[in-house]
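Student: Please take me through one part of this model up close. I would like to know what packs against what.

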Amino acid sequence: QVFDAGDYFGIMQVEEVDEEEEVDEEMEEQFKKKPNPGNGPCFKVIVTNENGLQASNPDSVFLVDHAWTYRVEHARQQLRRVPGLLHRMANLMGIAFHGELPDEGSIEQVLQEMWKYNQTYQLSQGTAEEKVPVWYIMDEFGSRIQHSDQPSFATAPLFYMPQQIAYTVLWPLRDLETGDEVTRDYAYGETDRLIRKCVLLPWVPTEVLDVSCFTPEPPDEHYQAILAENKEKLPVAINPPVYAKDKVFKVFTDIQQVLNNLTHPRFVFTDNEGEADILYNFSHFKDYRKLSEERPEVMVNQFPCENLLTVKDCLASIARRAGGPDGPRWLPRTFNLQTELPQFVSYFQQRDRRGEDNHWICKPWNLARSLDTHITNNLNNIIRHRESSPKVVCKYIEEPVLFEREDVGLVKFDVRYVVLLRSARPLQLYSYDVFWLRFSNRAFSLDDLDDYEKHFTVMNYAPGVTLKQVHCEDFIPLFEKQYPEYPWTTVQASIFKAFAELFQVASSKPAPLGICDYPSSRAIYAIDLMLKWDTSRDGKRIMQPQILEVNFNPDCDRACQYHPTFFNDVFSTLFLDETDNCHVTRIV
């Protein structure tokens with residue numbers, strides 16, 4: 001509660017030298033290197049206390065207030081509605097703002113510039129929604145502390161539980177004298193020279209066009225590390241179990257949809273895991289070794305190492321086995337921001353130079369339902385998102401195939417197929433004959449990138465948002481009426497070709513470099529995809545499927561609602577090898 005920073009520090013405005021005056025070249029160079037050039041006045045924080053500051057003195061620790069704390073998806077709305085916020089942010093960022101009422105131009109500028117000022121933290125517990133990263137901008141004092149590779153101070157966010165408020169703690173790293181500048185390292189913890197250069201790009205613009213944007217598949221150690229991190233124990237080799245032709249299987253499951261809908265006479269439920277023939281679990285199974293040694297005949301609804309498909313950065317790595325340096329045509333160009341930042345920045349800058357579309361979508365590795373997912377063409381924004389949680393950045397589909405909705409116009413849509421993996425080696429893959437559609441609620445255009453209902457199709461989790469439902473049987477004739485030259489059978493054939501290629505590369509190497517071919521494993525996955533306009537090798541316009549993600553244990557609520565035999569079909573295909581009248585199509 002003691003406001004004493006003024007006794008120790010002062011904020012100094014750095015004046016720009018007049019053009020007419022003689023400026024030697026060295027000064028000019030220094031000036032170019034100055035943080036935020038051209039953004040109004042430049043400020044520095046300096047030590048003003050006549051006794052300086054001693055690093056060992058327990059009183060040399062300060063708290064900095066946060067002027068604005070927000071989640072990215074609420075930023076525009078808050079700048080519009082919170083009295084005085086836009087004014088304060090525009091002042092802090094050196095943006096000219098005249099007038100009393102928030103205008104869209106100033107809001108847009110703050111949303112672009114804020115990536116040079118904001119910091120982030122996230123809560124480690126709570127729901128998935130509550131774990132979405134929080135961004136904050138320090139007050140005028142904290143925001144004017146400049147960057148240095150040899151910083152004089154360190155900062156860290158502190159969440160103070162009694163007040164339920166976050167502050168930034170500021171403390172000196174060495175003894176300082178009057179007049180010394182207060183600086184911090186904006187790329188704290190990053191030691192690699194090239195990565196530091198990329199991380200600092202928002203403040204120190206530079207080109208990294210000389211870096212190759214080629215992203216080869218990661219080395220084997222990468223996959224070994226993932227296996228260790230997942231604490232998954234691979235099974236021992238077993239002989240494929242053989243079951244009696246009329247055997248009735250005991251199923252142990254914690255999935256309500258299965259308990260409510262599986263009525264096939266050859267499956268009965270048991271509450272005793274120890275006597276089950278089939279384990280159909282909602283959560284990830286880890287100890288395959290024990291299961292394979294003690295009960296090799298027990299079937300399980302998961303494959304060891306299937307995270308290579310279901311986690312977005314792994315999906316991008318294994319997909320590189322199909323297709324050249326840009327990856328296969330059925331996957332948007334993807335970079336892992338943790339490990340491939342320089343390649344991404346180089347690729348972005350090269351596209352920029354060639355005047356190509358540069359819209360990208362940033363996604364966390366492992367959150368579903370479009371949480372913490374952002375579309376942007378602002379490089380600073382993407383670079384900074386790397387600080388919050390592990391992310392991949394994928395080329396945003398700038399020319400999606402659209403669907404005409406009478407009520408709103410041409411909207412984005414995505415398609416969800418449920419695929420059934422009966423065996424990894426030999427590969428046996430089926431698709432359920434019903435697919436599901438999701439639509440955006442507003443007409444598509446490459447603007448208003450934070451307008452959820454224009455750019456996203458996942459509406460069943462957003463409160464108060466209408467969910468447009470069209471059954472696939474109704475969709476196909478509507479689609480073919482809008483695109484008479486593209487019969488759905490042809491489109492679906494290209495979709496199945498993409499699925500086949502994906503599962504072929506996913507199972508082409510032994511675990512942990514590929515999905516483990518454990519003979520007692522079976523699984524269903526939901527694959528979400530979109531269609532984009534592309535040009536074939538012979539110059540024809542084609543609809544190219546784009547696989548967006550592969551989901552483990554998908555929500556099959558809609559499936560069961562409209563197709564009561566869904567789980568009977570799934571269980572019959574996976575566990576009985578009987579596919580007649582099961583509404584499935586064999587892909588591989």
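Tutor: Start at F566. Leaving aside neighbours within four places in sequence, F566 is in contact (heavy atoms within 4.5 Å) with V418, Y432, W436, I524, C556, A559 and C560. The model is predicted, so to speak of local features takes pLDDT of at least 70, and side-chain atom pairs count only at 80 or more, while totals for chains, interfaces and linings use all residues. Numbering runs from 1 along each chain as its sequence is written, and side-chain values use heavy atoms, without hydrogens or water.

Buried means under 20% relative accessible area, with a 1.4 Å probe and protein chains only. This core has 95 residues, and F499 and F566 touch the most other members. Helix α16 (residues 488–506) gives the largest share, 11 residues. Helices here are DSSP runs of H or I, at least four residues; strands are runs of E, at least two. A second, separate core holds 24 residues, including A187, W203, Y347 and W360.

Now turn to helix α4, residues 104–113. Its buried residues are S106, I107, V110, L111 and E113. They pack against β4 (66–70), α2 (75–81) and α3 (85–92). Take the α3 pairing. The α3 and α4 axes, lines fitted to C-alpha atoms over the stretch in contact, are 10 Å apart, at an angle of about 55°. L86, M89 and A90 of α3 meet S106, I107 and V110 of α4. By class, that contact has 5 nonpolar residues, 1 polar and no charged ones. Nonpolar covers Ala, Val, Leu, Ile, Met, Phe, Trp, Tyr, Cys and Pro; charged covers Asp, Glu, Lys and Arg; the others, Gly among them, are polar.

Conventions. Buried means under 20% relative accessible area, exposed over 50%, partly exposed in between (1.4 Å probe, protein chains only). Axes are lines fitted to C-alpha atoms, for helices over the stretch in contact, and angles run from 0 to 180 degrees between N-to-C directions. A nonpolar core is a set of buried Ala, Val, Leu, Ile, Met, Phe, Trp, Tyr and Cys residues joined through side-chain atoms within 4.5 Å.
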